[in-house]
Amino acid sequence: HLKPSMSNILCDATMKYTMKLPGWVLHTWCLAQLPLLRNAEPIDLERDDDDDKNNNSDESKQQSLPLVIYSHGLFGNYVTYTYQPLCLAAAGYVVLMLDHGDGSAPVVQKRDGSFLFHDEHCAKLSRDGKHLEHIRARRSQTKQRISELLSATQSLLNLNETNIPQLQSLGVSFVNKLDVENGVTFMGHSFGGATALSAAAQRPDLVRAVVAHEPACDWMTDDGRKALFPDKKCVDSEISYSGGTGGYEEDDTKSDDDDAEEKKEQYERRMSSSSLLNRFKLHDVDMLFLYSDQWAAKGWGSTKQIEDLHKRGELGPKEEGVSASDYGVIADATHIEFSDCSMLTPTWIGRASGNCGKRSPHDTAQEIASRTILFLENVKEVQGKRKQE
C-alpha cells in the first residue's frame, strides 16, 4: 500500500504532526497491500448506444472514459486516500490523485526525490487561539490547492491528445480514450472537498460534477463560499449564512478603511468581467455532499446549510425532474472514515481514539463508494436528458 521508499517517513511524519507519538504506532500501515496492477493499460469500453449500432468504424465503438480529479484532506496525501479512487477506477473512471504542495500533507515526495514536510504555521495559529487567523490561513492554502487542481485538470485533458514520455515508456496511453467533452468531476474529502468546491466555483465550465465528502466549507475561498451560498438561494431559508468565520474579507474594508469603496469596486469589476462566471455558476453543476453523522450532529462543514439547500430544491441545477444533486449522511461513521486511515489501523485502536464508529470501517467505506458511484451514474443519465431537451 505504501511506497517502501517513503513508508517509514510517512508514518513518522503523520504521528509527529498529529498525535505526537512515534511512527511505529502505524506499523500496520506498512503491512497493508492493495489489489491493483501498476501501470495497467486503460481498457477499451464498447458503446451500446442505439445510434452507433449501424456504424462499424473503430472510433464509433470506443466509449470514452469519464474523468475525476481527487484532492486529499488535511494530514493526508494520495496514499492515504486510495479506497474511494480505486472503487471509481474499477467502475470505469480515470482518477487523477493529487499530492498538494501547500504544506497540508504530513509529507509528500517531490519529483527530485526530496521530501516536503508539513507546514505547522496554520496549526500553531489554532493552538495559540488565533481562530480567525487560522481560518484565513487555511483559505490562503486553498488558493494554492485550486491552482494545483486546475493545472492537473488541464494536464489530464491534454493526455487525450498527446502522450507524455513517462507514460509512453510504460506502454500506457490515454490518447482518444478520455471523455473530455463532458467535463471533469472534482472530488475531495475535508480540505479536499473545500478545494474541489472552490475550484469548481472558479472554473465551473470545466466541471461535470462535484463530489464533496465532508467538505471543510469554512476553508473555501471567499468567491467559493459566495458561489455555494449565494444570497438568492438563501433568501427564503430560516438558516442564515453570513460568510462563515469572520465573514468575507472584502466586507472587512467597509469599516474605517479609506480604500473600502475602491476595493469593493475592484471586486465587482473582477466578478462582472469574468465571462465564465457570467455564463456558468457553481449551482449549474450537479453536486454530491456526503457527511458522517459525527459531523452532521455537530453541524460542521456547513451541514445545516447544505441540507437546507437540498430540502428546498436549491442545491445544484434547478431544472424540474432532472437534477442529480444530493445530500446524505453516513450512519455510525466518523470524519476520518472517508480516508484509508481507519481501515489501515486496527479497529480497536480506531474506536478507542474516536477515529471510527460502531460499524466496520470497511463497510462504511463501501457505502461511501456505492453512494458516490450511484450519484455519478445519475449525473450521466440526467445530463443525457438535458441534452435531449
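Biologist: What does the accessible surface of the chain come to, and what share belongs to carbon and sulfur atoms?
Modeller: First, keep in mind that this is a predicted model. The accessible surface is about 19,700 Å², and carbon and sulfur atoms hold 49% of it.

Biologist: Okay, and how much of the chain counts as buried?
Modeller: The chain has 389 residues, and 47% of them count as buried.

Biologist: How many helices and strands are there?
Modeller: You'll find 18 helices and ten strands in the chain.

Biologist: What's the strand order in the open sheet?
Modeller: Six strands make up that sheet, in the order 4-3-7-8-9-10, with parallel pairing. From one strand to the next, the twist averages 15°.

Biologist: Which strands stand at the edges?
Modeller: Strand 4 (94-97) and strand 10 (326-330) do. Each has a single partner strand, so one side of each has no neighbour in the sheet.

Biologist: Let's look at strand 4, then. How many bridges does it share with strand 3?
Modeller: Four, in the parallel sense, and strand 3 covers residues 67-71. If you want a pair to look for, Val68 sits opposite Val95 in strand 4.

Biologist: Which strands does helix 6 touch?
Modeller: Helix 6 (residues 131-158) packs on the sheet and touches strand 3, strand 4 and strand 7 (184-189). Its direction makes about 155° with that of strand 3.

Biologist: Now strand 7. How many of its residues are buried?
Modeller: Six of the six, so strand 7 is largely enclosed by the rest of the structure.

Biologist: Which way do those residues point?
Modeller: Val184, Phe186 and Gly188 point one way, while Thr185, Met187 and His189 point the other way. In a regular strand, side chains alternate between the two faces of the sheet.

Biologist: And which strands does strand 7 pair with?
Modeller: Strand 3 pairs with strand 7 over five parallel bridges, and Tyr70 has Met187 as its bridge partner there. Strand 7 also pairs with strand 8 (residues 207-213), in the parallel sense over six bridges.

Biologist: How does the chain cross from strand 7 to strand 8?
Modeller: The path goes through helix 8 (residues 191-202), and this β-α-β crossover is right-handed.

Biologist: One last thing: what share of the contacts with a separation of 6 or more is between residues 24 or more positions apart?
Modeller: That share is 71%.

Note on methods. Residues are numbered from 1 along each chain as its sequence is written. This is a predicted model: local features need pLDDT of at least 70, side-chain atom pairs count only at pLDDT 80 or more; totals for chains, interfaces and linings use all residues. Side-chain values use heavy atoms; hydrogens and water are left out. Two strands pair if DSSP finds at least two bridges between them. Helices (H or I, at least four residues) and strands (E, at least two) are DSSP runs, numbered from the N terminus. Axes are lines fitted to C-alpha atoms, for helices over the stretch in contact, and angles run from 0 to 180 degrees between N-to-C directions. Contact means heavy atoms within 4.5 Å. Buried means under 20% relative accessible area, exposed over 50%, partly exposed in between (1.4 Å probe, protein chains only). Accessible areas come from the Shrake-Rupley method with a 1.4 Å probe; for residues, only the protein chains shown count as cover. A crossover is right-handed if, with the strands pointing away from the viewer, the path from the first strand over the helix to the second runs clockwise.
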